[in-house]
Amino acid sequence: MTSEVGYGYIAGFAVFFCGLWMFICALVAVTSGWRRLAELYRTEQEFTGEKWTWESAQMGWSNFRGCLVVGANRHGLYLRVQFPFHWFCPPLFVPWSAIQVSEKRMWFFRGLSLRLGAVRPVSMWVRASLGEKLRRASM
C-alpha cells in the first residue's frame, strides 16, 4: 500500500512538472515575440545554408541562452529553438527584406540589434561574433 502511494506522488509530480514546463515554454514564446513572428514567418521547409547550433540571443523580454539554431543564406535568417525548449516556438525563416540591422552594445558586449518583421517588429540582439557569421553567410 505504501508503494502505491509513492507511485502516486511520483506520477503526480511528473504531470505537474510537464504542465509547468509547457506553461513556461508558452510564456517564453509570447514574451519573446516568437509567436508573433510565427504568424508570418513560420517554416516547415528544411533550411539550406550555413547553420550554427547552441547560439544565444535576446528576443523581446526573453533570453535564449545556448538553445538556438541560427542559420543564414542570401535570402534570409533561420531560427529554431532546440529540444527540450522548442515547445510553442516553431522554426522561423525571416527574409532579409523584413529585417533592419544596427550595431548596439549590451552591457560590455558589442553586438547587433535586429528588428525582425515589417509589421509589429520584434527586437533581437546577438553578439558581434554571431553577427559576423550572419553577415558572411548572407552574401
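How do the residues of the lining of the largest pocket divide into nonpolar, polar and charged? They divide into nine nonpolar, four polar and four charged, where Ala, Val, Leu, Ile, Met, Phe, Trp, Tyr, Cys and Pro count as nonpolar, Asp, Glu, Lys and Arg as charged, and the others, Gly among them, as polar.

This is a predicted model, in which local features need pLDDT of at least 70 and side-chain atom pairs count only at pLDDT 80 or more, while totals for chains, interfaces and linings use all residues. Residues are numbered from 1 along each chain as its sequence is written, and side-chain values use heavy atoms, with hydrogens and water left out.

A pocket is here an open set of points on a 1 Å grid over the protein atoms alone, where a 1.4 Å probe fits, with protein on both sides within 12 Å along at least five of seven lines, and its lining residues have an atom within 4 Å of a point. Grid points are joined across faces, edges and corners, and a volume is the space filled by probe spheres set on the points.

| Pocket | Volume | Largest contributor to the lining |
|---|---|---|
| Largest pocket | about 350 Å³ | E1, five residues |
| Second largest pocket | about 270 Å³ | H3, five residues |

Among the 17 residues lining the largest pocket, Ser-56, Asn-63, Arg-65, Trp-125 and Arg-127 lie nearest its centre. Strands E1 (50–59), E2 (62–72) and E7 (122–127) and helix H3 (128–137) each supply at least two lining residues; helices (H or I, at least four residues) and strands (E, at least two) are DSSP runs, numbered from the N terminus.

The lining of the second largest pocket divides into six nonpolar, three polar and six charged residues.
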